[in-house]
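Hello,

Here is the structure I promised to pass on to you. Have a look at it first, and then read on for what turned up in it.

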Amino acid sequence: MITDRPHNYISPEEYLKLEELSPLKHEYIQGEIYARADANDAHVTVAGNLFALLRSHVRGTGCRVYMSDMKARIESQNVYYYPDVMVTCDERDKAFQSFKRYPCLIVEVLSNSTEGFDRGDKFADYQ
C-alpha cells in the first residue's frame, strides 16, 4: 500500500531524536517540523505567573505543572506541541520524560504572531 506522505516526512520517533539534540525547539505536525516562535517579555511573564499559581494550587496532589519546555503529545492528531503551561495528574505520564500524553489542562498565551494558529488549528488539535 502506498501512503500519501510529504516528500520530507519525519516520523515521530525521528522528531524526538532530532529534538533532543537541537538547540532550538520545534513543534511537530503530522510529519513536518516547525521552529517555535520567540516569546516576548509580556508573554513569558504571563506564562510564568500562571505556572507559579498553578504549581502552588496543585502542590501535594500528585499533579505536575510544566512550562514551555515540555511537549504535549496529541497522538490522535499526530502532533507534538510545546504549550506555554500544562498540567497533568495522570500517573501514566510519569513514564514519559520528554513529553506528556494525558494533560488535564493546556494553556497557550496568545501572541500577535501566533494567535490565529493558537485559536484555530492548535486549539482544534488540543480538543
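Lys-25 is partly exposed, with a relative accessible area of 31%; here buried means under 20% relative accessible area, exposed over 50%, and partly exposed in between, with a 1.4 Å probe and protein chains only. Before going further, please note that this is a predicted model, in which local features need pLDDT of at least 70 and side-chain atom pairs count only at pLDDT 80 or more, while totals for chains, interfaces and linings use all residues. Residues are numbered from 1 along each chain as its sequence is written, and side-chain values use heavy atoms, with hydrogens and water left out.

Lys-25 sits in the loop between α1 (12-21) and β1 (26-29). Helices (H or I, at least four residues) and strands (E, at least two) are DSSP runs, numbered from the N terminus. Leaving out residues up to four places away in sequence, Lys-25 touches Glu-19, Tyr-34, Ala-35, Arg-36, Ser-68, Asp-69 and Tyr-82, where contact means heavy atoms within 4.5 Å. With Asp-69 there is also a side-chain polar contact of 3.3 Å. That term stands for a pair of N or O atoms within 3.5 Å; within protein, one must be able to donate a hydrogen and the other to accept it, and residues adjacent in sequence count only if both atoms are side-chain atoms.

Next, please look at α2. At the start of α2, a side-chain oxygen of Asn-40 comes to within 3.2 Å of the backbone nitrogen of Ala-42. Just after the helix, Gly-60 has a positive phi of about 85°.

Which residues of α2 are buried? They are His-43, Ala-47, Phe-51, Leu-54 and Val-58. They cover an arc of only 75° around the axis, which puts them on the same side of α2; the arc is that of the directions from the helix axis to the C-beta atoms. Asp-41 and Leu-53, on the other side, are exposed. The buried residues pack against β3 (64-67), β6 and β8 (103-107).

The largest nonpolar core has 10 residues in all, including Phe-51, Cys-63 and Val-109. Such a core is a set of buried Ala, Val, Leu, Ile, Met, Phe, Trp, Tyr and Cys residues joined through side-chain atoms within 4.5 Å. Both α2 (41-58) and β6 (85-88) supply at least two residues of this core, and α2 gives the most, with four.

**The cysteines**

Cys-63 is buried, with a relative accessible area of 19%, and a disulfide joins it to Cys-89 (S to S 1.9 Å). The rule for a disulfide is a pair of cysteine sulfur atoms within 2.5 Å, and the count comes to one. The link of Cys-63 and Cys-89 is right-handed, with 105° about the S-S bond. Cys-63 lies in the loop between α2 and β3 and Cys-89 in the loop between β6 and β7 (99-100), so the pair ties together parts that are 26 residues apart in sequence. Cys-89 is partly exposed, at 38% relative accessible area. Cys-104 is in no disulfide; the nearest cysteine sulfur, that of Cys-89, is 3.8 Å away. Cys-104 is exposed, with a relative accessible area of 53%.

Best wishes
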